[in-house]
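Thanks, everyone. I'll keep this brief. Please look at the model as I talk.

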Amino acid sequence: IKMTFLQFFNIAMVVLLVNFKVKIDALKDFPILNGKYEEFTVEWYQDVGATLCYTILMSTVTPHASKIALPTVTMIKRMWDRGWSNDVSNDKGEALTKMVLQSDWEALYTGPEIPTFFVYGQLFTSLWCVMTYSSGMPILYPILSFNYFVLYWVYKSLLLKHY
């Protein structure tokens with residue numbers, strides 16, 4: 001939960017603290033609350049809101065790159081082990097493998113556990129960021145829907161093929 005809070009703070013709150021201007025003399029030389037916007041205006045939504053939308057949209061795609069890269073490497077290792085064949089066994093029912101030990105074969109074909117804490121962290125971070133700013137930017141709802149759609153299909157395919 002600590003990681004989720006820090007991600008939320010990085011995405012949603014830092015942008016707000018850096019871009020808002022509060023007239024406090026003690027904060028003149030400090031980069032927080034010394035931005036160019038004093039309230040939520042059209043210009044704020046065009047400048048900062050667009051950046052938030054882009055950041056949340058990018059957080060839909062970028063976390064999955066590493067989650068898809070590892071199974072791709074594992075798939076290539078499995079295909080190499082089978083001699084680049086799509087079949088797992090031959091006509092006699094024997095496993096197509098170059099492995100000598102059963103434990104090596106099982107280690108290659110058994111995937112790791114699902115890191116559910118990362119999945120829930122990403123779900124809640126996206127949800128909190130969207131709920132924070134969605135009253136002024138309703139475009140965040142379809143972005144969140146797309147985020148959950150991608151997350152569902154990535155983890156469904158990983159569950160069936162990798163984990």
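I'll cover a surface patch, a threonine and a salt bridge.

This is a predicted model: local features need pLDDT of at least 70, side-chain atom pairs count only at pLDDT 80 or more, and totals for chains, interfaces and linings use all residues. Numbering starts from 1 along each chain as its sequence is written, and side-chain values use heavy atoms, with hydrogens and water left out.

Patch first. Leu57, Val61, Phe146, Phe149, Tyr152 and Trp153 form a nonpolar surface patch. Together they have about 610 Å² of accessible area (Shrake-Rupley, 1.4 Å probe, only the protein chains shown counting as cover for residues). Patch members have over 30% relative accessible area and no salt bridge, and nonpolar side chains are joined within 5 Å. α2 (42-61) and α6 (140-161) each give two or more residues. α6 gives the most, with four. Tyr152 lies in α6. Tyr152 has 47% relative accessibility, so it counts as partly exposed.

Now Thr60, in helix α2. Buried or exposed? Thr60 is buried, at 0% relative accessible area (buried is under 20%, exposed over 50%, partly exposed in between). A polar atom of the Thr60 side chain lies 3.2 Å from the backbone oxygen of Ile56. Beyond neighbours within four places in sequence, Thr60 contacts Ile143, Phe146, Asn147 and Val150 (heavy atoms within 4.5 Å).

Last, charge. The structure holds one salt bridge (a Lys or Arg side-chain nitrogen within 4 Å of an Asp or Glu carboxyl oxygen). Asp47 pairs with Lys36, closest N and O atoms 3.9 Å apart. Asp47 is partly exposed at 33%; Lys36 is exposed at 61%.

Key. Patch = residues over 30% accessible without salt bridge, like charges linked within 9 Å, V, L, I, M, F, W, Y side chains within 5 Å. Buried < 20%, exposed > 50% of the residue type's maximum accessible area, 1.4 Å probe, protein only. Polar contact = N/O pair within 3.5 Å; in protein donor to acceptor, adjacent residues only side chain to side chain.
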